Amino acid sequence: CQVCPGTAACPPAGHDIEALRTLEDGSFAVEDDDRRNTLALALLECLSAVDPELRDTIAFEAYFAWLRADLIDVDTRRSMLRRLLATLEGEDAAPGVARPFAALVLAEVLRTDRLSPWMESDERSRLFESAIAYLTQVRDYRGFDPVLGWRHGVAHSADLMTQFAVHDWTDRPRLDRLLAAVASQVRPVGVSYVHGEPERLARPVLFAAQRALHTEAEWTAWIQRLAAPAPLASWEEAWRTSEGIAHRHNLRSFLLALYYGVQ
């Protein structure tokens with residue numbers, strides 16, 4: 001069907017949409033720890049739901065509330081990490097919501113590790129490799145749809161990059177790879193960003209700069225490479241094609257977001 005309420009397992013067993021709305025109205029308060037952690041795993045299916053209320057308004061907001069308040073235990077977070085990584089590393093079936101929302105929740109999961117490390121080294125490395133691969137390979141540039149809500153793969157993976165940019169584990173070589181992944185999506189071919197993507201892409205770059213692991217000369221060189229007109233012969237040529245105009249628009253929006261961020 002074109003628009004279905006959710007996946008086969010969303011809402012999860014023992015809940016209906018009204019129960020989840022009640023949970024939302026109560027700021028996702030679940031006093032019993034076991035029940036909350038069980039529900040946290042069950043709601044993962046809702047991140048693939050076509051219904052934006054189930055996916056974004058309820059599931060993601062629940063994870064945001066619980067993870068920011070440190071209300072999901074490490075065992076549950078580890079299970080979430082495994083399942084979300086499997087989604088991020090898989091193929092996105094139509095309508096393309098599962099991987100972007102896996103990236104968005106993984107950003108929150110990684111934030112908990114940044115504040116109080118709990119991941120094993122191989123878990124963190126796998127997440128980093130998968131995040132880099134996903135951001136560089138995003139080709140679905142759909143943002144907001146009035147029926148399906150947000151997909152926003154570039155912006156959501158940029159949020160995941162932001163958490164890596166400020167994580168102590170992310171050393172200089174990893175930051176360089178992160179910056180290259182961001183740069184790969186600043187000027188995608190044939191795409192005009194209209195859903196705030198340049199601002200989201202700028203965030204991990206700004207936080208990477210705050211780490212002070214690069215010199216001013218290195219940052220200047222990075223910006224100059226990014227701002228070069230290639231594959232256009234010159235920026236004057238950009239005005240002659242729709243693709244060139246999109247290149248200029250996206251780059252200018254990104255650079256303005258960087259400029260605003262450093263003021």
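A residue is called buried when its relative accessible area is under 20%, exposed when that area is over 50%, and partly exposed in between. The legends below use these words for a predicted model.

**View 1. Leu 206 in helix H9.** Leu 206 belongs to helix H9, which covers residues 197–210. Its relative accessibility is 18%, and because the cut-off for a buried residue is under 20%, Leu 206 counts as buried. Although Leu 206 and Ala 257 are separated by 51 residues in sequence, their C-alpha atoms are 9.5 Å apart in space.

View 2. Val 194 and Arg 142 are 52 residues apart in sequence, while the distance from C-alpha to C-alpha is 9.7 Å. Arg 142 in turn forms a salt bridge with Asp 140, in which the side chains meet at 2.6 Å, N to O. Both partners count as partly exposed, Asp 140 with a relative accessible area of 29% and Arg 142 at 40%.

**View 3. The salt bridge between Arg 21 and Glu 53.** Side chains of opposite charge can pair when their charged atoms come close. Here the side chains of Arg 21 and Glu 53 meet in a salt bridge of 2.7 Å, N to O. Arg 21 lies in helix H1 and Glu 53 in helix H3 (residues 52–68), so the pair ties together parts that are 32 residues apart in sequence. Arg 21, at 28% relative accessibility, is partly exposed, and Glu 53, at 22%, is partly exposed as well.

**View 4. The salt bridge between Arg 83 and Glu 45.** The side chains of Arg 83 and Glu 45 meet at 3.6 Å, N to O, in a salt bridge. Since Arg 83 lies in helix H4 (residues 74–88) and Glu 45 in the loop between H2 and H3, this pair ties together parts that are 38 residues apart in sequence. Arg 83 is partly exposed, with a relative accessible area of 35%, and Glu 45 is partly exposed, with a value of 32%.

View 5. Asp 32, Asp 34, Asp 73 and Asp 75 form a negative surface patch. One of these residues, Asp 32, is found in the loop between helix H1 (17–25) and helix H2 (33–42), where its relative accessible area of 42% makes Asp 32 partly exposed.

Terms used
Residues are numbered from 1 along each chain as its sequence is written. This is a predicted model: local features need pLDDT of at least 70, side-chain atom pairs count only at pLDDT 80 or more; totals for chains, interfaces and linings use all residues. Side-chain values use heavy atoms; hydrogens and water are left out. Patches are made of residues with over 30% relative accessible area and no salt bridge: like charges are joined within 9 Å, nonpolar side chains (Val, Leu, Ile, Met, Phe, Trp, Tyr) within 5 Å. Accessible areas come from the Shrake-Rupley method with a 1.4 Å probe; for residues, only the protein chains shown count as cover. A salt bridge is a side-chain nitrogen of Lys or Arg within 4 Å of a carboxyl oxygen of Asp or Glu. Lys and Arg count as positive and Asp and Glu as negative; His and the chain ends are not counted. The place of a charge is taken as NZ of Lys, CZ of Arg, CG of Asp or CD of Glu. Helices (H or I, at least four residues) and strands (E, at least two) are DSSP runs, numbered from the N terminus. Buried means under 20% relative accessible area, exposed over 50%, partly exposed in between (1.4 Å probe, protein chains only).
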